[in-house]
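I opened the model to look up a few local features. My notes follow in the order in which I took them.

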Amino acid sequence: MESQKKEIFENVAQRLKLEGFNVVTRDESRPWGGFFVIDEAQAQQFADTYFDGLDVDTLKIGGKLSPKVLIVAPNARLSWQYHHRRAEIWQVVSGTVGIKTSETDEEGELKTYVPGNQIKLHKGERHRLIGLDDWGVVAEIWQHTDAQNPSDEDDIVRVQDDFGR
C-alpha cells in the first residue's frame, strides 16, 4: 500500500510538472491519501486543463480561487465535513470515487463518480470523498466566499472522522 501511494504521488507530480503547474504544497501525510496545492496564479490554466476550460472569472465569489489535486486511497474516507468560507468544485481525473453530500449532518447516499464527472459543493454543504476499489485522483477548485478572510486548511468542520481528528 505504501509503495502504491508513493507511485501514485510520483505519477501525479510528473503529470503536473509536464502540464506546467507550479506545486506550492505537496502533502502525502494524510491518513486517507493526500494532496497537491497549485499556484493560485495558474487557476485559469488549471481550469482549462481539468475543468474543460471553465472560466475562472465566473467562479470567483470572494475574488480568489485555490486549485488542488486530491488523492484518495482505496477504501479510505475523508471526514464528513463542511466549510464556512468556501465552496468547492471537484472533477474526477482518474479512478472511481464515491461522494456523499447532504444539507444536514446526516450523510446522504453514496454516489459513484468516474473520470470526467464533476460535482459542485456550496458553502456549508456536508460532503465526504471516498476511495472505492482503486486510487482516486480528483481536481478541486476552492471558491473563497469571504474575500477578507480566505479559506484555508483550518476551515474544516468535521462532523464525523474515521481518524479521530
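Aromatic pairs came first. I found five aromatic pairs in the structure. A pair here is two rings of Phe, Tyr or Trp (its six-membered ring) with centres within 6.5 Å; planes under 30 degrees apart are stacked, over 60 edge-to-face, and the rest tilted. F9 and F36 make a tilted pair, at 5.4 Å centre to centre with 35° between the planes. This pair joins distant parts of the chain, with F9 in helix α1 and F36 in strand β2, 27 residues apart. Helices (H or I, at least four residues) and strands (E, at least two) are DSSP runs, numbered from the N terminus. Both F9 and F36 are buried, where buried means under 20% relative accessible area, exposed over 50% and partly exposed in between (1.4 Å probe, protein chains only). I also noted one aromatic cluster, formed by F21, F46, Y50 and F51.

The model is a predicted one, so I kept its limits in view: local features need pLDDT of at least 70, side-chain atom pairs count only at pLDDT 80 or more, and totals for chains, interfaces and linings use all residues. Residues are numbered from 1 along each chain as its sequence is written, and side-chain values use heavy atoms, with hydrogens and water left out.

Next I looked at helix α2. Which residues of α2 are buried? In α2 (residues 43-50) they are A43, F46, A47 and Y50. They sit on the same side of α2 because they cover an arc of only 100° around the axis, the arc being that of the directions from the helix axis to the C-beta atoms. An α-helix has 3.6 residues a turn, so residues three or four places apart point the same way. The buried residues of α2 pack against α1 (2-18), β2 (33-38), α3 (56-59), β3, β5 (86-94) and β10 (136-144). After α2 comes D52, with a positive phi near 50°.

I then checked I38 in strand β2. I38 has a relative accessible area of 1% and therefore counts as buried. Leaving out residues up to four places away in sequence, I38 touches L16, F21, N22, V23, V24, F46 and P67; contact means heavy atoms within 4.5 Å.

Is N75 buried or exposed? N75 counts as exposed because its relative accessibility is 65%. A76, at 9% relative accessibility, counts as buried. Phi of N75 is positive, near 60°, in a residue other than glycine. Most residues other than glycine have a negative phi. Beyond its neighbours within four places in sequence, A76 is in contact with W32, L129, I130 and G131. A76 and L132 are 56 residues apart in sequence but 7.5 Å apart in space, C-alpha to C-alpha.

A cavity is a set of points on a 1 Å grid over the protein atoms alone where a 1.4 Å probe fits but cannot get out, and lining residues have an atom within 4 Å of a point. There is one cavity of 30 Å³ or more. Of the 20 residues lining the largest cavity, W32, L70, L78, Q81 and I156 are the closest to its centre. The largest cavity holds about 180 Å³ of space. β5 gives the most to this lining, with three residues.

Notes: On a 1 Å grid over the protein atoms alone, a cavity is a set of points where a 1.4 Å probe fits but cannot get out, and a pocket is an open set with protein on both sides within 12 Å along at least five of seven lines; lining residues have an atom within 4 Å of a point. Grid points are joined across faces, edges and corners, and a volume is the space filled by probe spheres set on the points.
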